Amino acid sequence: GERRNVIEDIKPAKGNLMLMDCAPGFIHSGEDFVITSSGILITETTITQFKGFDTTKTPEFVRARKAAQYANSIDDVVKIMTTDNNGGYANDWLIGDTKTNEVAKLELGMKDFKLWRSKDTAIIGSNFPIDPKLIKEETTFDVNNKTSSPNARRLRMEKLVAVDYKGKLDENTGKTIEGDTYSAIDNKNVLDRCVIDGHIDLDPRGEPAWNEGPYWPMGAVQGKVTTTDLAKKMQFWAHMGHPSGDDFLAKPYFAKHPEYNWMSPYLRDMKAYPWTLF
């Protein structure tokens, strides 16, 4: 995530203008976070413990780029993403349309998909699937394990958007939510796998759902926020590093956890920079 530090402003020969974050050389976001000149907003949250893949069909990055460049409605995004879908990189796609003030969630597996949409409800995602059919047929995800990162963050997000910030969601509260370190499991501020601003590198449990051992170097590596008004001007806020403002420093990390020294040629400092408007 520390290398996904590029903001691309793309004006293609045909289709929508696109503003997105990505890693160097990408033709799609990959993170994913993109706003387009057609008023379409697209992001996603990966489905945990998904199984299934069809090598004969179209990869996610092709469909994601096509949706960003050519979709003019939520229906367009859904059609593009579900057509010839290979199941690789299965996600809950969170979609917005500033022209209609509507949001949607497309839970897209390989065999199953389901769409929720609304003009008056906040829709969240944190790596958890919600369609019982998809969960049963295409994942090994345990929806009852409240201490897993996806489920714990879901509990916290539901309280923040449905109670604490109901009717108050804007660019400032969005930044606050992304930097939130309150655990809905422990009922206190902590730095571990269960908070929205995830710190698995500080968690002795790691995250078994992602096959990550104790203190595995993973967490919330950056943040992005936009609003209807900002998106209409092709603008969004971006933040490298933990949105809570905490730095990740490689040298002291390896001193504490030499079992991960094999990562030392690649794992770098990830300092928390200020929120910046692009």
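## Basis of the description

Two strands are taken to pair if DSSP finds at least two bridges between them. Helices (H or I, at least four residues) and strands (E, at least two) are DSSP runs, numbered from the N terminus. The model is predicted: local features need pLDDT of at least 70, side-chain atom pairs count only at pLDDT 80 or more, and totals for chains, interfaces and linings use all residues. Residues are numbered from 1 along each chain as its sequence is written, and side-chain values use heavy atoms, with hydrogens and water left out.

Seven strands form an open sheet in the order 1-2-3-4-5-6-7, with antiparallel pairing. Strand 1 (6-10) and strand 7 (113-118) are at the edges with a single partner strand each, so one side of each lacks a neighbour in the sheet.

Strand 2 (residues 18-22) pairs with strand 3 (residues 33-36) over 3 bridges, in the antiparallel sense; here L19 is opposite I35.

Strand 4 is joined to strand 5 by 7 bridges in an antiparallel arrangement, and L41 stands opposite G96. Strand 5 also pairs with strand 6 over 7 bridges, again antiparallel, with I95 opposite A104. The hairpin of strand 5 and strand 6 has 4 residues between the strands, and N101 takes a positive phi near 55° there.
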